[in-house]
Amino acid sequence: MYLHIPKNLKIKKVVNYSLKELREFESKIAKDYNKAKIKGPIHLSHGNEEQLIKIFKYIDKDDWVFSSWRNHYHALLHGVNPNLIKQFIFEGKSMSVSSNNPKFFSSSIVAGILPIALGVAKANKIKKNKKNVWCFLGDMTAETGIFHEVYKYSKNFKLNLNFVVEDNLLSTNTPTHKTWNKKKYFNHKKYPDIIYYRYSNYYPHHGTGKWVLF
Amino acid sequence: MSNYYKEVEKSMKFLARNKGTIFLGQSVIYSGNLIYKTLTKVKNSKKIELPVFEEVQLGMSLGMAMNGLFPVTCFPRFDFLLCAMNQLINHADKIKLITNNQYSPQMIIRVLVGAKKPLNGGEQHTQNYVNVIKRMLKTIVVWDLKDEKKILSSYKKAFKNKKINLMVEYSQSY
């Protein structure tokens, strides 16, 4: 397991989920999807539980968390009610699971969350609220221009915005490094304040790998 | 100064009187375009001068709105707002729908249609996309501010309607 956590971060909470519980949640969703009970795309996680359980210890329950289309684990670990997550999934909105309490937002557009998270962090600073904002992003998103603009702005203005790069070497099924003609993994050492981990896909980009007739 | 300009200026003063409003964009503090002129009577402490990064600007404004502020986010030309279409169409316009109304932020997006007289800014500085954009939006309210008599009342309604509003102004009328 490759996981880099900056040394200055402090543990904020005890995480209430085990690896087994997280996998069970996704496994049940996969079963319902295979039974054609979910009439929208699902993006399942598997294999990054240990990394996420460690990372979420640093995330306070009152912090804001931003995620992408693959967001079930992040939502669960941030304390979003599992029934609310399921409601989104069964409505076909798995890619945009969100919650107002705790603060959780996801978008199905690459890099879409980054400027929004920046604005939340900027507002926190204006309101003198010291809570953190956390952005989970993939290795392709970390290569975008938007990421570099948001990262630069947040650092220059000392905003409490943290980034977690989740590197599975893929953007959908496209190898990120080949499209950029670069070394295999995201060069996280250029960004020592970023949390970074690697994992391999278990499920396909979306769905379960089985042919489902709706 | 024209009545049109005076009405816009009054509208900005009205918005600035409200505690949560914050004006952001390029040339809100430093001169450079008509947006600046309309904000000269707004305190600099209510303004954030931004880099040129339109998509980030609109998303950032949305995030500030989600976190309880009332952004008045300014784009000096419609042509420039096109660079922020992902945040405008995919995020700001869809946020209530994709979150099942858990997030219902309020903000004002100001955009100016560039003038053609006495100087013609050319193809990339003078386009008016108001009719096209109305067709693309599901939840954002579009205000086509052609009539100077309706500018202040429109801004007042936009401030109170608890929605995201796109206010289209006309540089030619300034």
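Trainee: In this predicted model, is C135(A) buried or exposed?
Mentor: A residue is called buried when its relative accessible area is under 20%. The value for C135(A) is 0%, so by that cut-off C135(A) counts as buried.

Trainee: How many disulfides does the structure hold over all chains?
Mentor: A disulfide is a covalent bond between the sulfur atoms of two cysteines. Here a pair of cysteine sulfur atoms would have to lie within 2.5 Å to be counted. Over all chains, the number of disulfides is 0.

Trainee: Which cysteine has the sulfur nearest to that of C74(B), and how far away is it?
Mentor: C74(B) counts as buried, with a relative accessibility of 1%. C74(B) is in no disulfide, since such a pair must have its sulfur atoms within 2.5 Å. The nearest cysteine sulfur is that of C83(B), at a distance of 16 Å.

Trainee: Which residues of chain B does the cis peptide bond with omega about -5° join?
Mentor: One of the two residues belongs to the loop that runs between β4 (107-113) and α7 (130-136) of chain B, and this residue is P118(B). Its partner in the cis bond is K117(B), so that, with omega about -5°, the pair is K117(B) and P118(B).

Trainee: What is the phi of N181(A), and is this residue buried or exposed?
Mentor: N181(A) is placed in the loop between α7 (176-180) and β8 (195-198) of chain A. Its phi is near 55°, which is a positive value in a residue other than glycine. With a relative accessible area of 73%, which is over the 50% cut-off, N181(A) is exposed.

Trainee: What is the relative accessible area of N100(B), and where in chain B does this residue lie?
Mentor: Phi of N100(B) is a positive value near 55°, although the residue is not a glycine. N100(B) is found in the loop between α6 (95-98) and β4 of chain B. N100(B) is described as partly exposed, and its relative accessible area is 25%.

Trainee: Why is chain A described as being as compact as a globular protein of its length?
Mentor: Chain A has 7 helices and 8 strands. For its 214 residues the globule rule gives 17 Å, and because the radius of gyration of chain A is close to this, the chain is as compact as a globular protein of that length. The radius of gyration of chain A is 17 Å.

Trainee: What radius of gyration does chain B have, and what would a compact globule have?
Mentor: Chain B contains 8 helices and 6 strands, and its C-alpha atoms fill a box of roughly 45 × 35 × 30 Å along the principal axes. With 174 residues, a compact globule would have a radius of gyration near 16 Å, and chain B agrees with this at 15 Å.

Trainee: How far apart are the centres of the positive and negative side chains in chain B?
Mentor: Of the 174 residues of chain B, 56% count as buried, and the accessible surface of the chain comes to about 7700 Å². Chain B has 27 positive and 12 negative side chains, and the distance between the centres of the two sets is 8 Å.

Key: Residues are numbered from 1 along each chain as its sequence is written. Chains are lettered from A and ligands numbered from 1 in the order in which they are written. This is a predicted model: local features need pLDDT of at least 70, side-chain atom pairs count only at pLDDT 80 or more; totals for chains, interfaces and linings use all residues. Side-chain values use heavy atoms; hydrogens and water are left out. Helices (H or I, at least four residues) and strands (E, at least two) are DSSP runs, numbered from the N terminus. The radius of gyration is taken over C-alpha atoms; the globule rule is 2.2 Å times the number of residues to the power 0.38. Buried means under 20% relative accessible area, exposed over 50%, partly exposed in between (1.4 Å probe, protein chains only). Accessible areas come from the Shrake-Rupley method with a 1.4 Å probe; for residues, only the protein chains shown count as cover. Lys and Arg count as positive and Asp and Glu as negative; His and the chain ends are not counted. The place of a charge is taken as NZ of Lys, CZ of Arg, CG of Asp or CD of Glu.
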